[in-house]
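Please work through the exercises below with the sequence and the structure open beside you, and try each task before reading its solution.

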Amino acid sequence: MTRTAFLEELAEELELDQPLIEATNLKQLDSWDSMAAMIVIGYVSSGFGVTLTADDLKGIDTVHSLIARIGTDKFE
């Protein structure tokens with residue numbers, strides 16, 4: 001998957017009105033809450049086969065750090 005497609009799909013999953021960029025701080029989004037965190041966990045699990053834990057999410061702030069946790073090798 002390309003990073004652009006990932007950004008678009010993640011924004012859609014989170015039902016955001018604005019586009020995401022890699023520098024976006026997820027935790028500063030108005031819609032960020034425990035449900036959004038669960039959506040990210042589910043999306044990453046089903047799309048990449050990577051299991052994120054609550055502890056993982058504590059260390060992830062930006063979309064870039066999420067990509068790094070998933071593994072940059074999984075992106076084109």
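This is a predicted model: local features need pLDDT of at least 70, side-chain atom pairs count only at pLDDT 80 or more; totals for chains, interfaces and linings use all residues.

**Exercise 1.** Determine which residues of helix H4 are buried, and where they lie around its axis.

*Solution.* Begin with the extent of helix H4, which covers residues 63–70, and pick out its buried residues, which are Val63, Leu66, Ile67 and Ile70. These residues cover an arc of only 100° around the axis, which puts them on the same side of H4. Then look at what they face: the buried residues of H4 pack against helix H1 (3–13) and helix H2 (34–48). Finally, follow the chain past the helix, where H4 is followed by glycine 71, whose phi is positive, near 120°.

**Exercise 2.** Describe how the axes of H1 and H2 cross, and identify the residues that make the contact.

*Solution.* The axes of H1 and H2 come within 10 Å and cross at roughly 135°. Angles over 145 degrees would count as roughly antiparallel and those from 65 to 115 as roughly perpendicular, and H1 and H2 are therefore oblique to each other. The crossing in which H1 passes H2 is right-handed. On the H1 side the contact is made by Phe6, Glu9, Leu10 and Glu13, and on the H2 side by Ile39, Val40, Tyr43 and Phe48. Sorted by type, the residues of this contact comprise 6 nonpolar, no polar and 2 charged.

Technical notes: Residues are numbered from 1 along each chain as its sequence is written. Side-chain values use heavy atoms; hydrogens and water are left out. Buried means under 20% relative accessible area, exposed over 50%, partly exposed in between (1.4 Å probe, protein chains only). Helices (H or I, at least four residues) and strands (E, at least two) are DSSP runs, numbered from the N terminus. The arc is that of the directions from the helix axis to the C-beta atoms. Contact means heavy atoms within 4.5 Å. Axes are lines fitted to C-alpha atoms, for helices over the stretch in contact, and angles run from 0 to 180 degrees between N-to-C directions. Angles under 35 degrees count as roughly parallel, over 145 as roughly antiparallel, 65 to 115 as roughly perpendicular and the rest as oblique. A crossing is left-handed if the near helix is turned anticlockwise from the far one by less than a right angle, and right-handed if clockwise. Ala, Val, Leu, Ile, Met, Phe, Trp, Tyr, Cys and Pro count as nonpolar, Asp, Glu, Lys and Arg as charged, and the others, Gly among them, as polar.
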